[in-house]
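Good morning, and thank you for joining.

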Amino acid sequence: MGLFNRKSSKVSNESKSNPPNSPRISNAPLKSPAPSRLTNGGTFSTLSLTDVTLPRPPDPNIDPAAYLRSIYAVRERCRYIFEKAKRHQLSHFEVDMSLFSKTAEYVVAIIKRDYAPDYLSIPQHGRWQHFDVGGRPRVDQMIATWPLTVDNQERTRRLIDLFLVSVLLDAGAGTRWSYKSKESGRFYRRSEGLAVASLEMFRAGAFSSNPEQPCQVDGPALKRLTVDHLARGLQVSEENPISGLEGRAGLLSRLADALNYQTFFGTDARPGNMLDYLLSHPSTRASSVPVIPVPTLWDVLMDGLAPIWPSSRTTIGGTSLGDAWPCNSMPASPPAQPWETIVPFHKLTQWLAYSLMVPMTKIMHIQFAGADLLTGLPEYRNGGLLVDTGLLTLKDADMKRGLKAYRENARLKGQPSMEVVPLFTTDDDVIVEWRAVTVGFLDELLGEVNRLLGLERGDGLTLAQMLEAGTWKVRTILRCSDVLEKP
């Protein structure tokens, strides 16, 4: 990766055993962190959630794999590297804390431009907004076409179906790919282009095996989806290439296998059936407004989708950890334990969690306890902001190594050769350190952004709101990453 590149759905009583690679989670209670809020913008409300108990994090000394796969571990382990950043002890980056305020001011300027003074109207960060790129409410328009016999629970299942597939397709598309909307005739690129493309494929029944119900996703349909089918849906051609087409098709094929786990996904193998599982889970507080603990949703995503991830990822004791990587800035082993050398991110799972919570909140009015366990997403827009503002600067030796890798890659047919940028693989120590520092800085920025906005503690933006209205958007502006093109 380049551093600066920039019908009724019932759950079966069968299959009660844990899915593959399921970690052991402690059931000991832990009080929920500070209450969240649910506003008309789709974030979380002032309803007190402090009486909702959360499971304690797994003990890493007893089950390190379970700990590193948990949401609790992400912030805790990234914090270790962030503290080194503040002491100027990073292996690959120089840190200029004098530019921290400038970075926060950039974020605040964009938030004020788009939302002042009604900051509570800022929606939660999630895939829904990507579908609505260009100001067209595509999700609402789609829902309006469904018969009145489709109740809110089924509406939510359908949106979970769509959002999950769309997020899984949401990997870097490359700089040459674009998608022409069949609806508007406009061209879209990057993440937003993939959102519009996946939504139009969804409405056309590309992910459904039921011709009478095109707007669903199910395992049999995904299993039949070939690379060619996906290419046609995404309008891929020699003149309009997309990065990782085969990988995306393979991911959806593996998702088809994962959906066979009936406890989570029901007898018809739909992602949306996780809604029924979550609502019936013992940890869910059943009331007029259901409250689901985020760790319960997290377990569904981490355990239910475990079969889709490459087996080559970092492992401990034979258990794949997913998006977790060794990093030289973590304690060395020995004397530290092997698990202590690893920093987890679980970026795509977190992006799924953020995104799936939105339709559950908007349509079913479900609330989530412990939503602030989720972190900022360590990806190129959030991380790139720190580089673009000068807060982080790549050290000379790594810059030279990255530029050499870029030049070698540029000689390959079809690879970019215009914007010269240092190039590193996903598992490179530079990338791992950069991502960990990004998580830490996003937490720090939240406090400073709320201070500059004059928002009192308890009424300030949530991290999910800052991501949506600020950091994810600012980097796009600074780098002129055009996601919308004129026809």
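**A helix pair and the nonpolar cores**

The axes of helix α15 (residues 380-388) and helix α17 (residues 429-453) approach within 9 Å and cross at roughly 80 degrees. Helices here are DSSP runs of H or I with at least four residues, numbered from the N terminus, and axes are lines fitted to C-alpha atoms over the stretch in contact, with angles from 0 to 180 degrees between N-to-C directions. Because 65 to 115 degrees counts as roughly perpendicular, α15 is roughly perpendicular to α17. In this contact (heavy atoms within 4.5 Å), α15 contributes Tyr380, Asn382, Gly383, Gly384, Leu386 and Val387, and α17 contributes Trp434, Val437, Thr438, Phe441, Leu442 and Leu445.

This is a predicted model, in which local features need pLDDT of at least 70 and side-chain atom pairs pLDDT 80 or more, while totals for chains, interfaces and linings use all residues. Residues are numbered from 1 along each chain as its sequence is written, and side-chain values use heavy atoms, without hydrogens or water.

I turn to the cores. A nonpolar core is a set of buried Ala, Val, Leu, Ile, Met, Phe, Trp, Tyr and Cys residues joined through side-chain atoms within 4.5 Å, buried meaning under 20% relative accessible area (1.4 Å probe, protein chains only). In the largest, of 135 residues, Phe207, Leu255 and Met274 touch the most other members. Helix α17 gives the most to this core, with 13 residues.

Finally, His130 lies in helix α4 (residues 127-131). Is His130 buried or exposed? His130 is buried, at a relative accessible area of 3%.

Conventions. Helices (H or I, at least four residues) and strands (E, at least two) are DSSP runs, numbered from the N terminus. Buried means under 20% relative accessible area, exposed over 50%, partly exposed in between (1.4 Å probe, protein chains only). Angles under 35 degrees count as roughly parallel, over 145 as roughly antiparallel, 65 to 115 as roughly perpendicular and the rest as oblique.
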